[in-house]
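Hello,

I am passing this structure on to you, together with some notes to read beside it. Have a look around on your own, and then come back to the text below.

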Amino acid sequence: MAKLNREEVERIAELAKLTLSDAEKDMFQEQLSNILEYAEMLQQVDTTGIPPTTSALPLNNVMRPDELALSLPNDEALSNAPDAEDGSFKVRAVLD
Amino acid sequence: MELYSLTIHEAQEKLRQGEISSVELTESVLERIDAVEAKVGAYISLQPELAVRMAEMADERRAVGEDRPLLGIPLGIKDTIITHGVPTTAASKILDGFVPPFDATAIDRLRQAGAVFVGKTNCDEFAMGSSTEYSAFHPTRNPRNLNCVPGGSSGGSAAAVGAGEALGSLGSDTGGSVRLPASFCGVVGLKPTYGRVSRYGLIAFGSSLDQIGPITKDVEDAAILLNAIAGHDARDSTSLNAPVPNYVDEIKQGDGLKGIKVGIPQEYFTEGMEPGVAQTVRAAIDHLADLGAEPVEVSLPNTGYGIPAYYIVATAEASANLSRYDGVRFGLRQDGGDMWNTFSQTREAGFGPEVKRRIMLGTYALSAGYYDAYYLQAQKVRTLLRQDFERAFEKVDVMVSPVAPMVAFEINAKVDDPLQMYLTDVLTVSLNLAGVCGISIPCGFSEGMPVGLQIIGPALGESAILRTAYQYEQTTDWHKQPAEL
């Protein structure tokens with residue numbers, strides 16, 4: 001019994017914005033199930049009262065002065081855009 | 001002796017004495033690339049004309065009396081690091097053709113130090129892999145044995161240095177990606193403390209884990225490159241605002257290793273380890289003791305949870321970081337008729353299988369209903385792993401272990417079995433989770449392939465690990481046995 005079923009693979013792909021082929025769905029269902037079964041061992045660890053680590057650094061809320069500084073010129077910022085118009089990135093319509 | 005086979009400090013000495021020019025040095029490296037690159041495949045892109053121009057400029061600057069730490073030294077740069085005006089792909093089709101309009105801070109600092117850039121080195125796509133076989137362009141081969149992988153993900157950076165196709169290089173290390181290929185190729189690779197080197201302009205994989213690090217022929221060269229790239233950067237809020245010592249001076253301090261306590265974490269000599277690797281590393285530990293170090297058995301009891309914790313945390317962060325590849329601002333766009341289908345089809349066409357696998361795994365670990373069981377639990381286990389290191393470093397100055405339980409494996413041996421590939425990183429990932437530093441140096445051979453000794457230090461313990469590595473290296477000659485190609 002695989003840990004992930006087909007519907008779950010499709011749900012994750014939708015969340016991740018990936019249009020997977022049927023072959024990829026089969027492959028990921030098996031491989032991700034194996035990896036998640038391996039990761040199950042984390043459940044054995046008693047972490048009662050242990051805080052999560054989000055960063056290894058003892059840093060919090062690093063602030064900088066809110067000052068004007070030079071930034072990329074518009075044409076350079078757009079230089080790698082697949083499509084641009086009037087100084088803006090151009091995309092397919094967001095609303096119909 | 002060919003100029004391409006010099007170390008950085010040897011070349012710098014000859015440049016200072018006027019014995020050689022940077023153009024001669026750079027051309028020697030370019031000729032070496034012409035001779036061996038078809039076999040090794042260390043680079044994704046080469047910029048020979050740009051390199052010669054940079055070398056000419058370096059020679060002109062030296063002629064008017066300038067002297068900088070890397071003036072005129074030809075380097076390779078991992079293709080996950082942003083270089084102004086030079087294509088940067090992270091070995092992914094989704095960034096094919098991307099020409100960055102700015103430099104990473106580490107690159108900016110190498111320019112300030114006078115370095116020459118030869119090309120962008122190959123790696124696993126978005127640094128996700130342990131063999132460089134997951135590059136979207138081509139695999140890289142190990143210069144010690146062309147049938148074997150160079151390790152990964154910075155396999156091109158390590159192979160380039162091992163093959164004489166660069167005097168040194170930069171890699172990036174999220175779970176072992178500098179140390180593992182350095183070990184497999186028989187060169188030196190340093191993963192600095194998290195925050196020691198700015199991540200600005202490093203294409204993000206796991207933001208709480210990623211560090212840029214040098215790959216070099218010897219320890220002094222690693223210290224030279226670290227000197228150049230380390231230090232606080234206002235553009236990276238996670239960079240550490242701590243003074244940067246002169247690491248080249250630091251490594252030569254002290255009386256051998258007298259008084260240095262070297263911890264041996266028993267969990268890092270695992271059951272499945274290749275016997276030749278364990279024997280070689282045990283012999284290296286005996287050698288450290290001969291130099292005056294005091295070996296101390298220590299325990300890092302949560303080591304066995306390192307791999308699952310790492311692959312949950314790293315993939316969760318990756319799934320968020322890689323959401324930026326949507327075909328809007330840069331990179332590939334695959335039109336899907338409407339906005340959402342354009343996003344999905346761009347990502348489907350642009351990402352390779354390992355990247356998709358990790359995005360899927362990370363998305364699952366962060367999704368409703370699974371967040372607490374996977375991601376939050378992994379973050380708590382990460383705390384336990386950090387505490388293991390903190391307790392061990394109360395007793396010892398540095399720790400030593402193998403870099404990996406095996407030497408370089410054959411191409412295609414693990415490429416279809418992701419879990420086996422992940423287990424390659426079993427001795428390296430915990431350092432990234434804990435944020436501490438580590439270096440891989442050559443310590444011998446097993447089955448004809450190099451074995452790396454991992455020297456682990458606490459946060460900002462670079463001086464201690466570099467000094468230990470330097471003392472070992474000065475009294476051995478493993479680093480003076482270049483690959484025969």
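Here is a question to begin with: is the crossing of H2(B) and H3(B) right-handed or left-handed? Before the answer, a word on what you are looking at. This is a predicted model, in which local features need pLDDT of at least 70 and side-chain atom pairs count only at pLDDT 80 or more, while totals for chains, interfaces and linings use all residues. Residues are numbered from 1 along each chain as its sequence is written, and chains are lettered from A and ligands numbered from 1 in the order in which they are written.

Now the answer: H2(B) and H3(B) cross in a right-handed way.

Two helix pairs in chain B

Helix H2 of chain B covers residues 22-40 and helix H3 of chain B covers residues 48-63; they pack at about 160°, and their axes are 8 Å apart. Axes here are lines fitted to C-alpha atoms, for helices over the stretch in contact, and angles run from 0 to 180 degrees between N-to-C directions. That angle makes H2(B) roughly antiparallel to H3(B). (Under 35 degrees counts as roughly parallel, over 145 as roughly antiparallel, 65 to 115 as roughly perpendicular and the rest as oblique.)

On the H2(B) side, B:Ser22, B:Val23, B:Thr26 and B:Leu30 meet residues of H3(B), among them B:Ala51, B:Val52 and B:Ala55. Contact means that the C-beta atoms of two residues, placed from the backbone, lie within 7 Å. The residues of this contact divide into 7 nonpolar, 2 polar and 2 charged. (Ala, Val, Leu, Ile, Met, Phe, Trp, Tyr, Cys and Pro count as nonpolar, Asp, Glu, Lys and Arg as charged, and the others, Gly among them, as polar.)

Another pair to find is helix H7 (residues 219-229) of chain B with H16(B), whose axes come within 9 Å and cross at roughly 155°. H7(B) is therefore roughly antiparallel to H16(B). Their contact includes B:Val219 and B:Leu226 of H7(B), and B:Leu466 and B:Tyr470 of H16(B). By class, this contact has 7 nonpolar, no polar and 3 charged residues.

The two chains

Chain B has 16 helices and 11 strands. Its radius of gyration is 21 Å, close to the 23 Å that the globule rule gives for 485 residues, so chain B is as compact as a globular protein of that length. (The radius is taken over C-alpha atoms, and the rule is 2.2 Å times the number of residues to the power 0.38.) Of the 485 residues of chain B, 63% count as buried. Buried means that 20 or more other C-beta atoms lie within 10 Å of a residue's own, exposed means 12 or fewer, and partly exposed is in between, with C-beta atoms placed from the backbone.

Chain A has 3 helices and 2 strands, in the order α-α-α-β-β along the sequence. The radius of gyration of chain A is 23 Å, well over the 12 Å that the rule gives for 96 residues, so chain A is more spread out than a compact globule. Of its 96 residues, 16% count as buried.

Where the chains touch, chain B gives 54 residues and chain A gives 42 residues. H13(B) supplies the largest share of the chain B side, 12 residues. That side has 29 nonpolar, 15 polar and 10 charged residues.

Some single residues

A:Asp86 has a positive phi of about 50° although it is not a glycine. You will find A:Asp86 in the loop between strands S1 (84-85) and S2 (88-89) of chain A, and it counts as exposed, with 5 C-beta neighbours inside 10 Å. B:Leu460 also has a positive phi, near 60°, but B:Leu460 is buried, with 20 other C-beta atoms within 10 Å.

Finally, look for the cis peptide bond that joins B:Gly152 and B:Ser153, where omega is about 10°. B:Ser153 lies in the loop between strand S3 (116-121) and helix H5 (155-162) of chain B.

Happy exploring!

Methods. Helix = DSSP H or I, 4+ residues; strand = E, 2+ residues; numbered from the N terminus. Left-handed = near helix turned anticlockwise from the far one by under 90°.
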